[in-house]
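Q: Can you walk me through this one? Keep it quick.

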Amino acid sequence: MSKVSVMEKYLPYILIAPSLAYLLFFIGYPLAQGLYLAFTENGAFSLENIEYLLNSPFSKFWEALTDTFLLVLVIIPIQVAIALGLAMLFNMKFWGRNTALYLVILPLTISDVAAGLIWYSMLSTNGFFNKLLMNIGLIKEPIYFFGYEYRPMEFLAIVLTEVWRATAIVFVILFAGLQMISQDHIEAAEVFGANVWQRLRYIVFPMLKPSLQAALIIRTLFAFQIFGVVWVLAGRDIPVLAGEAYYEQVQLRHTGVAAIYALIIAAISVTIGYIYIKLFRAQYLEEGG
Amino acid sequence: MVDVHLKGIVKRFGKTIAVNGIDLDIRDGEFIVLLGPSGCGKTTTLRVIAGLEKPDEGRVLFGDRDVTYLPPRERNVSMVFQSYAIWPHMKVYDNIAFPLKIKKFPKEEIDKRVKWAAELLQISELLDRYPHQLSGGQRQRVAVARAIVVEPDVLLMDEPLSNLDALLRVKMRSELKKLQRRIKVTTIYVTHDQVEAMTMGDRIAVMNKGKIQQVGRPDEIYLKPANVFVAGFVGTPQMNFFDATVEIRDNEIILDASDFKVRLPRDYLPVLQEYNGKTVIVGIRPEHIYPEGHAPTTAKKLSWIEGTVDFVEALGSDTILHLNTGSMILVVKISGSHHYEIGSKVKVALDLSNIHVFDKESQVSLLYKRQREVQLS
Amino acid sequence: MEESSIVKYYLRKIIVAGLVILAVLWVITPFVISILYAFASKTDYYSPNILIPLHYTLEHIQKLLDLGATRAIINSVIVAVITIIISFALGLPAGYAFAKFVFRGKDSLKLLIIGLRMFPILVIAVPLVTLYIRLGLNDTLLGVALAHTAMALPFVIIISSSIFAGVPKELEEAAMIFGLDRKGAFFRITMPLALPGLTAAAIFTFIMSWNEVFIASVLTLTNRTLPAFILTSAMAAPDFIKFAAGFIMIFPAMVFVFIARKYLITMWGITLK
Ligand SMILES: Nc1ncnc2c1ncn2[C@@H]1O[C@H](COP(=O)(O)OP(=O)(O)OP(=O)(O)O)[C@@H](O)[C@H]1O
Ligand SMILES: [Mg+2]
């Protein structure tokens, strides 16, 4: 073998190696380090952090766990439903579609912190929403969304903000998926007598399954990392896993406890990803000749 | 089973006018072919009939029912899409069965019909496969099978045989035609293959640039083309066209082409009278020009000219001569295999009873303009 | 029959238009309101009867900048730029390899990269602190940028591979036939063709880093990036300072996205697959 072709043979590996090494280091090392931090105290094995996490009156672990799951369970279905509806709406032809599309996906670029601040301006006591309702006379007193005693309203505000901010991602994935379904396929069903519901049921949904799967995985994984929105709107009134990790690390310097939170988020993500991939299967794409 | 009427259909896509004022009356149970070059608006016309496009102007009638704004599924039509539109997530069986399932046929009936259609299109062994496991031609046959399992009022087919090999295509042509005769469904069939159009259509509508150029039986389209476009589009090799000046002296008609003169029979006098001194377009098909010794005995009115052999296409069943008459090339078709030396001189006869004359400006046939009033854009 | 089908047809059009307007309003209203409030005068904001502010001022933005936001903005830009440089330096060659070479293990490697993209990257922040303290990287912008690179790198690899794959192989091969080597062909042919797409990818990397708050908050104390600064400092400030903070955060993102809007959908489509 000549020198050039040996070079050619290994070139792709050489090109990929630095990235891979970087990623493996920056993800592998922290995971190992996280385990070490979580289960040691002054260099010796210890369950002190776990003990603190589960039983300390300062720890809001169980609340954080349930609230995170609750938020995910409420937010994701709403997002998927709205995104699906929007994707189908935008799959039709109408005047000004591109402009409308651009406007609808604007939140894609907005960080969670900024989204929290934006919705704070909508919902605060002197915010737009309260002023609007008071001025048209629907309410006399402002509706309070923020403060520990209004926790259900804080929860609602978080849901609203997350739906506003992150539905766009689901929408874009589903819309791209819909666009890949050739219009002919839907029209053919229409010609053969399928009504709107039948077209969705038999043609659109089955063909959209891969996109739906991708959207669900991505959204769910990110939803379990929810932090910025919650921190801006509710602080620790509604504790979430990432928020507690932040709090334990930055405010209390409980690095070990924060590391456990991090590991829990990682474990949940991996499990969820695995479940989704098992659950959804686009059979027609896999069955070979 | 229904008659279909298109009244002044116009369809624009932004600046392009895909269909530009189409009037067409299709009889109940008729097999009509839309024939025309690529991009002339055939698919668009079909989609308007199916209800997939709303025309910008005009109406679509099924019988006396105005269906212009009716959604496709309320029209009881069936369609073979040009792109097939076979659903990739359904097996072939389910693809074909879909229209029946939607119309709530009983299971045994669905099974019977799917098997029947698959048999007819020779795809029985493929029923259990997914579309991505099929070749283009096989997919196309699935699309045809899916369109014929139901009995629609109107069957729309957009180039349904374009992707089949020659042998299968010939067989499918006759199968489809037989089927259509049997179930007597009103059929609108799009193709740009003129052989297909000639052999299958009860009538042919020749289209160009979004307009219908001529509607008629296949033999009418061939023998009495209404304008230069139809004359040139139908028939292979293409009809010979040349400019000639009309000279009428003592009831004698002379067509003066630059290289030669042709004396026309008196029969042409009524139509050519007013063209005295003017230039017209003359057309004659290659099969209506006979070299010495090849003139059929039935051909009476002949006009002889001479030319040099420029080029010979030996097709086996036919021989095509390209004859240089000075400043133009005449294409001559002789049936059978014959040998000609390039450069040799050949005398050929134009069959004057099969000559076509068109107005130079409007390109409309002077002989057959009553067939249909046509304006070219 | 005819009448009712026309009515139905237009009714459908009206419903579609209505829904689209509703969707656009739902997205746009909070944007508009928050931007208006960021510039509204104090009295207008606290007056219960003034829905849309009438008097505007730059005071809040100014106050926020004085509070330390200027420094934070500069920090954010530095972090984002370092992130772009490192992640592109590492990611482009890998993306090119995935796009243009056939090699054993390619699919598994690609799957691994996509899997790492899914990994909840904020998890790495806490353990990194210990490492950074040892390396002297704690509370430095470089440290944040290195972590952000871990977040952006899979994205850069996937997106650049799809961009490179979009440049027909024949073009490069033609260049090689006419005397360029692989490297020459890459820099003279492929790179210029891929440039617009890569620019858009860089913009997205910028926004990713600009928006990231958890890692930045955990890894810095004094050298806060903008989101980290806002999370700690601005939260205690009066409402209108918060709105100003919101505006400063969304403004560059929106400008950048406007520039790269043509690529917006395709890019998200590709990276999130
Ligand atoms: N959806 C569309 N948007 C814009 N232009 C279109 C659309 N559909 C058709 N056209 C244009 O309208 C004209 C007619 O198109 P049509 O598909 O009806 O042609 P056709 O006769 O079926 O051609 P072919 O034989 O190639 O299938 C073409 O110029 C085409 O470019
Ligand atoms: Mg067509």
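A: First, a term: a polar contact is a pair of N or O atoms within 3.5 Å; within protein, one must be able to donate a hydrogen and the other to accept it, and residues adjacent in sequence count only if both atoms are side-chain atoms. A backbone N or O atom of B:Gly39 sits 2.8 Å from an oxygen atom of ligand 1.

Q: Which side-chain atom of B:Thr44 lies by an oxygen atom of ligand 1?
A: A polar one, at 2.5 Å. For B:Glu159, a side-chain N or O atom is 3.3 Å from an oxygen atom of ligand 1.

Q: How much of ligand 1 does the protein bury?
A: The protein buries 63% of the 630 Å² that ligand 1 exposes alone (Shrake-Rupley areas, 1.4 Å probe; for residues, only the protein chains shown count as cover).

Q: Is this model predicted or experimental?
A: Predicted: local features need pLDDT of at least 70, side-chain atom pairs count only at pLDDT 80 or more, and totals for chains, interfaces and linings use all residues. Residues are numbered from 1 along each chain as its sequence is written, chains are lettered from A and ligands numbered from 1 in the order written, and side-chain values use heavy atoms, without hydrogens and water.

Q: Which helix gives the largest share of the shell around ligand 1?
A: Helix H1 of chain B, residues 42-50, with three residues. Helices are DSSP runs (H or I, at least four residues), and strands are too (E, at least two), numbered from the N terminus.

Q: And how many helices and strands in chain B?
A: Nine helices and 20 strands. The C-alpha atoms fill a box of roughly 75 × 45 × 35 Å along the principal axes.
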